Amino acid sequence: MRKGAAAQVKELPTQTIGKQAKSDKDYSIYFQSPSLKDAKKRGKEEVSVRYESAIPDDMKTIGEGKRYLIRTYGCQMNEHDTEVMKGMLEDMGFEATEDKRDADVILLNTCAIRENAEDKVFGELGHLKTLKQEKPGLILGVCGCMSQEETVVNRIMQKHAFVDIIFGTHNIHRLPVLLKEAYFSKEMVVEVWSKEGDIIENLPKKREGMKAWVNIMYGCDKFCTYCIVPYTRGKERSRRPEDVLAEIRDLARQGFKEITLLGQNVNAYGKDFADISYTFGDLMDDVRKIDIPRIRFTTSHPRDFDDRLIEVLAKRGNLVEHIHLPVQSGSTEVLKRMSRKYSREHYLELVSKIKRAIPDVVLSTDIIVGFPGETEEQFEETMSLVREVRYDSAFTFIYSPRDGTPAAAMEDNVPDEVKKDRLKRLNDLMATISREQNELLRGQTVEVLVEGESKTNPDVLSGRTRTNKLVHFQGSKELAGRFVHVTITEPQTWLLKGELAVAQPAKVV
Ligand code: SAH
Ligand code: SF4
Ligand code: F3S
């Protein structure tokens, strides 16, 4: 695929680079586009864990004097992938910039979960076209989940030919090589592997602040009928426990205050190990013993949430009492069509078990309204489940058909106005419940990890409780990064306002 004329004039890096070492797979040309059909296959291939030395020697100074900008869309998995790409770019000498006019490399790390996520990226590509015309040496890359879709790659090749690199979620570690190729090539560099079993360890990561994400597994094998993720992220692969624990111990030594363990379905952790029997509950029990004040995890699938995990979470300590437990729908019939593989009753039973073991647990969830065939009664079942569980917060979405998924072939027969009306009713209910749940905290003193000045008001400090609730209070900026006790004086729907308590925690700082 030839690119537009503007894209052919590129500013070459100063040093000469020898023939590329195509260490991973011997691809003689850099054009490999995705296939959702291949991505769906789940083979018996071995998962190899590779301990890479991240940046080839001849790439270590390629970015000197140059700046990069990465725009990230989507979930924490993508945010964390961005940290890995930042780490690699900085190991190549690039510096970060927030100003796209100042950037020599711009990457869009994209999300494919709903149509509006994709629209945002195409909108941004429209803006970047002008910039690319003004600055032909700019390298423009598209990566993340959208790159795994052939329709997206075809559309970019046809309508946004000024893009220099497209690479997929399995090709992130290849960024240095692809970047080098993009500097020299007159062609669009496209490398998207649809199937990948490998786990790449030791990639550099640029983490900021006091909170860190740690991947415990990649991919998803659940194939909920509406969801594109199993196609864009490949099959479930768990990182070895020793690698996860070593990374967390290292983060503890560096002084991080909070860790979030990441996976699309963390409860499936370890199911793919052939040589050991070690589950997510076992991992949490080991992580619990590491000296990090707060440990979270996301996302847990209700189907695999077992008693062992509940028993470990009930030990508390640094395991916080907040669980994100996506339900998607309160109707067993709809859950069946979504292929969630649990019923309303099973979900409610699980919630009761969790509440019995951890009485002050805070639950949050994800809900889709307007799934194909969802009747008014079925939507009302979702409303009644929300009333029964009393989530503290929820991410709520209108169903968005995704090409290649089974639900996209179902008749999307809920009219748009009905979908919007259901979303509004659900959001109104959630706002009422969140407000009532927050009201329970009036007058109580909670532990807050101070993040810094509030984004909306520099006179106010902002932080989070163990249950991930946002708290605003007055205090010295030096408290940023520390744990304080705050007495809640004014609970609101999405925010708790409070005052620094007189007695402060002696230990956790
Ligand atoms: N792995 C997580 C979810 C990741 S996607 C889990 O299983 O819980 C985050 C949320 O996006 C999902 O929980 C779902 O509520 C929503 N979502 C996924 N596909 C969607 C679609 N096609 N339309 C609307 N919402 C969707
Ligand atoms: Fe998507 Fe379901 Fe996998 Fe979550 S569990 S990522 S909703 S397929
Ligand atoms: Fe989006 Fe991919 Fe995450 S589709 S939600 S960025 S896994």
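The model is predicted, so local features need pLDDT of at least 70 and side-chain atom pairs count only at pLDDT 80 or more, while totals for chains, interfaces and linings use all residues. Residues are numbered from 1 along each chain as its sequence is written, chains are lettered from A and ligands numbered from 1 in the order in which they are written, and side-chain values use heavy atoms, with hydrogens and water left out.

Let's begin with the overall division. The chain splits into domain 1 (14-191), domain 2 (204-439) and domain 3 (445-500), with bounds that come from an automatic or database domain assignment. Taken over C-alpha atoms, the centres of domain 2 and domain 3 are 26 Å apart. Their contact (heavy atoms within 4.5 Å) draws on 21 residues from domain 2 and 19 residues from domain 3.

About 1700 Å² is buried between domain 2 and domain 3, with carbon and sulfur atoms giving 52% of that area. Buried area here is the accessible area (1.4 Å probe) that two parts lose on being put together, summed over both. On the domain 2 side, Met210, Arg294 and Asn438 lose the most area to domain 3, together 37% of what that side buries.

The rule finds 4 salt bridges across it, each a side-chain nitrogen of Lys or Arg within 4 Å of a carboxyl oxygen of Asp or Glu. Elsewhere in the list of pairs, Lys211 and Glu451 meet through their side chains in a salt bridge at 2.5 Å, N to O.

Which residues surround ligand 2? Its shell (residues with a heavy atom within 4 Å) consists of Cys220, Lys222, Phe223, Cys224, Tyr226, Cys227, Val229, Pro230, Gln264, His301 and Arg340. By class, that makes 7 nonpolar, 2 polar and 2 charged residues; Ala, Val, Leu, Ile, Met, Phe, Trp, Tyr, Cys and Pro count as nonpolar, Asp, Glu, Lys and Arg as charged, and the others, Gly among them, as polar.

Around ligand 3 you will find Cys75, Asn78, Cys111, Ala112, Ile113, Cys145, Val229, Arg233 and Gln264. This shell has 6 nonpolar, 2 polar and 1 charged residues. Ligand 3 lies between domain 1 (14-191) and domain 2 (204-439), because both give residues to its shell.
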